[in-house]
Amino acid sequence: MSWSEMHPLLSQACWDTLYMVGWSTLIAVVGGLPLGVLLVLTDRGGLLQNVLANKVIGQTVNIARSMPFIILMVALMDFTRWVTGTTIGREAAIVPLAIGAIPFFARLVETSVREVDGGLVEAVQSMGGNTWTVVRKVLVPEALPSLIAGTTTTVVALIGYSAMAGTVGAGGLGDIAIRYGYQRFETQLMWITVAILAVVISLIQFAGDFAARSLHRRGGRSGPAPRLRLLKAGAADGTGKGGDPATADVSKAA
């Protein structure tokens, strides 16, 4: 197969892969972020402690994570057909990709949020901050560098999932590798597909690491202790400000 024949195939396959991964990542973040935060809040000692709810949510997440993606795709075929009207194509692949990624990302969010300094949470509560204020002003901002790293990990995992989805007619680079590289013995095209996947994953990982490091240097977890002292000082003198604009924002939100 000549390059002039491979180029349109690879171009369309790259676009299909990015389309599936992009939408799946967006849905995974929207669904997984609140789920992960909820796992922390409802745990023992959490702001919304509810052991039963935590166990139910945790077990549901564990069961969803334990299911191999190829089996999940088959199990969700009826649901996928109900949502998209079909079980093949890139739109249909987004459904199992997103459902498989939500519990995966939720656990990453849970790990990130648990690492936030509990003293900051106590300081905001001492100034009358409610649960929503703590989540919005402390938990998510302080965990943001780690959340970016978790999102990067999720995107990389979804690229691998999308390649598997290509085996059942979802399109994308996985479909090209199977149909042409394996079934038609176009070895050159298969290795080009592998190289493209490696380059795309490397670029995404580099961008995610760079963003996480940048956020860490600008704030994130690099300076919780100084802000904590300011918050405590503001709570002690009754102003709720502590001389820090960020603390003033918390006080207003509370």
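Analyst: The protein chain has 11 helices and 0 strands, where helices (H or I, at least four residues) and strands (E, at least two) are DSSP runs numbered from the N terminus. This is a predicted model, so local features need pLDDT of at least 70 and side-chain atom pairs count only at pLDDT 80 or more, while totals for chains, interfaces and linings use all residues. Residues are numbered from 1 along each chain as its sequence is written, and side-chain values use heavy atoms, with hydrogens and water left out.

User: What percentage of the residues in the protein chain is buried?

Analyst: Buried means under 20% relative accessible area, with exposed over 50% and partly exposed in between (1.4 Å probe, protein chains only). For the 254 residues of the protein chain, the buried part comes to 40%.

User: Why does Thr17 count as buried, and which residues is Thr17 in contact with?

Analyst: Thr17 sits in helix α1. Its relative accessibility is 6%, so Thr17 counts as buried. Taking contact as heavy atoms within 4.5 Å, and leaving aside neighbours within four places in sequence, Thr17 is in contact with Ser162, Gly172 and Leu173.

User: What span should helix α9 have, and how far apart are its end C-alpha atoms?

Analyst: The expected span of a helix is 1.5 Å times one less than its number of residues. Helix α9 covers residues 187-218, 32 residues, so it should span 46 Å. That agrees with its end C-alpha atoms, which are 47 Å apart.

User: Which residues of α9 are buried?

Analyst: Let's go along the helix. The buried ones in α9 are Leu189, Thr193, Leu197, Gly208, Ala212 and Ser214.

User: How much space lies in the largest cavity, and which element gives the largest share of its lining?

Analyst: On a 1 Å grid over the protein atoms alone, a cavity is a set of points where a 1.4 Å probe fits but cannot get out, a pocket is an open set with protein on both sides within 12 Å along at least five of seven lines, and lining residues have an atom within 4 Å of a point. Grid points are joined across faces, edges and corners, and a volume is the space filled by probe spheres set on the points. The structure holds 1 cavity of 30 Å³ or more. The largest cavity has about 90 Å³ of space, and the largest share of its lining, 3 residues, comes from α5.

User: Which residues lie nearest the centre of the largest pocket?

Analyst: About 300 Å³ of space lies in the largest pocket. The largest share of its lining, 4 residues, comes from α6. Of the 16 lining residues, those nearest the centre are Val40, Gly45, Gly46, Leu47 and Val121.
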